[in-house]
Amino acid sequence: MPEVIMPRLSDTMEEGILGRWLKHEGDTVKAGDVIGEIETDKATMDLEAFDDGVLERLLVAEGATVAIGQPVAFIGDGSGTGAGSAPDAAAPEGGGSAEVASPASEGLAPKSAAHSDADAHGHADGRVFASPLARKMAVERGLDPADIKGTGPGGRVVRADVLAAGEHAPGDHAAGDHGAAASRNEKAPSPSSTPAPATGSSPAAQEDSVEIPLTQMRKVVAKRLTESSAVPHFFLTAVVQMDALLEFRSGINARFADVGVKASVTDLLVRACAVALRAHPVVNSSWAGDKIYQHRHVNVGLAVAVPDGLIVPVVRDADRKGLAEIATETRDLASKAREGTLTLQQFSGGTFTVSNLGMFGIDNFTAIINPPEAAILAVGATSEEPVVRDGELTTRKVLKLTLTVDHRVLDGATAAAFLQNLKQILEDPMRIVL
């Protein structure tokens, strides 16, 4: 009987969450059919069938965390349909419970009409059917899972239901406010979603804190940044005069407004970095333990904040793309990153990263390298500073750039030459189109 296994969908993925099933036991499927959704550390991606047949057994419940290579379903000839879950089926993240113990208990097996009404908002005894991920998201958004109408199997509350409920909740802007979950938790979590207090913790700590389970993305962010802390970093800062670049941007946007071109400062930075990397190919490198890889393609990553953490979609071959193409692509990538719909190709293979916090009013900061890349550029806000020109006091617009460098790959003079060239390109913006 062919197994459907948890696939590796990114270079950092070690396990995935079975977000929801799109096919059910007894359904006929063909190779290539999407039978479920997998939530990885980067995005929500499709789980495809690789064989023709009947989906005989679903081995894990929605919300379960499954290691790569472990079976999640069986496809056969239909003779084994409804045989129930395998005894070693993966347990849901955050610990098993009666509500999420197996696909059968979640309504994945057929139910009588008498049970369907009770499952719409919970069980007759007051229990609420919701995946662990949906419970966590509801708590972060100040929602009670019992108040959310479930559209999953048997009326189970799944991730999409929480997102939909959040869009209609008064004053809730969870989809666009990164890092503001704590301030939105005005409504206390229901007893069914409140985690058990840690052993030995004080009563005050238990009452004043809400335990937030780690998402796949947060786990990987923690792991990757812990790895990055072992990298010997050094930092270089340059101050860029922005008047010419901002004037150039305004002219470009006005000139091509009729064809929908609207370039941001970030788009200009991505293109400028690509031009500088092409001129300094040694910076376009990565550390590989006993060797250094100098990459032939200039793939510029753009750090994007999402509700559960950070993701870096990649503008591939940015040195070969015009400003209009980059502007269109960065908007599309950022939108997909926030929606969790990036493909593997769109968030892997980066060779250099740009992290811009200027829109938050941050003057300057140091970014942490995204391993195995050799460098990352931190971009602050554009500000005005006084300057004397022709004997008169006036102001100029400036921007601070800080380059974080892996000293195993690059030396100070090499990195400084790159940053100097990048500054020259930004201050003479016609170089960006070369």
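Proline 372 sits in the loop between strand S16 (352-356) and strand S17 (375-379); helices (H or I, at least four residues) and strands (E, at least two) are DSSP runs, numbered from the N terminus. The bond joining proline 371 and proline 372 is a cis peptide bond, with omega at about 5 degrees. Keep in mind that this is a predicted model, where local features need pLDDT of at least 70, side-chain atom pairs count only at pLDDT 80 or more, and totals for chains, interfaces and linings use all residues. Residues are numbered from 1 along each chain as its sequence is written, and side-chain values use heavy atoms, with hydrogens and water left out.

Two other loops are worth a look. Aspartate 317 is in the loop between strand S15 (314-315) and H9, and its phi is positive, about 50 degrees, although it is not a glycine. Aspartate 390, in the loop between strand S18 (383-389) and S19, is not a glycine either and has a positive phi of about 50 degrees. Its relative accessibility is 82%, so aspartate 390 counts as exposed (buried means under 20% relative accessible area, exposed over 50%, partly exposed in between, with a 1.4 Å probe and protein chains only).

Now for helix H7, residues 243-255. Which residues of H7 are buried? They are Leu245, Leu246, Phe248, Ile252 and Asn253. Seen down the axis of H7, these buried residues fall within an arc of 160 degrees, so they line one face of the helix; the arc is that of the directions from the helix axis to the C-beta atoms. On the other side of H7, Glu247, Ala254 and Arg255 are exposed.

What covers that buried face? The cover includes helix H8 (265-279), helix H9 (323-339), strand S19 (392-406) and helix H10 (412-427), where contact means heavy atoms within 4.5 Å.

Two of these helices, H8 and H10, pack at an angle of about 135 degrees with their axes 9 Å apart. Axes are lines fitted to C-alpha atoms, for helices over the stretch in contact, and angles run from 0 to 180 degrees between N-to-C directions. H8 and H10 are therefore oblique to each other (under 35 degrees counts as roughly parallel, over 145 as roughly antiparallel, 65 to 115 as roughly perpendicular and the rest as oblique). Among the residues that meet are Leu269 and Ala272 in H8, and Phe418 and Leu422 in H10.

Terms used:
The expected span of a helix is 1.5 Å times one less than its number of residues.
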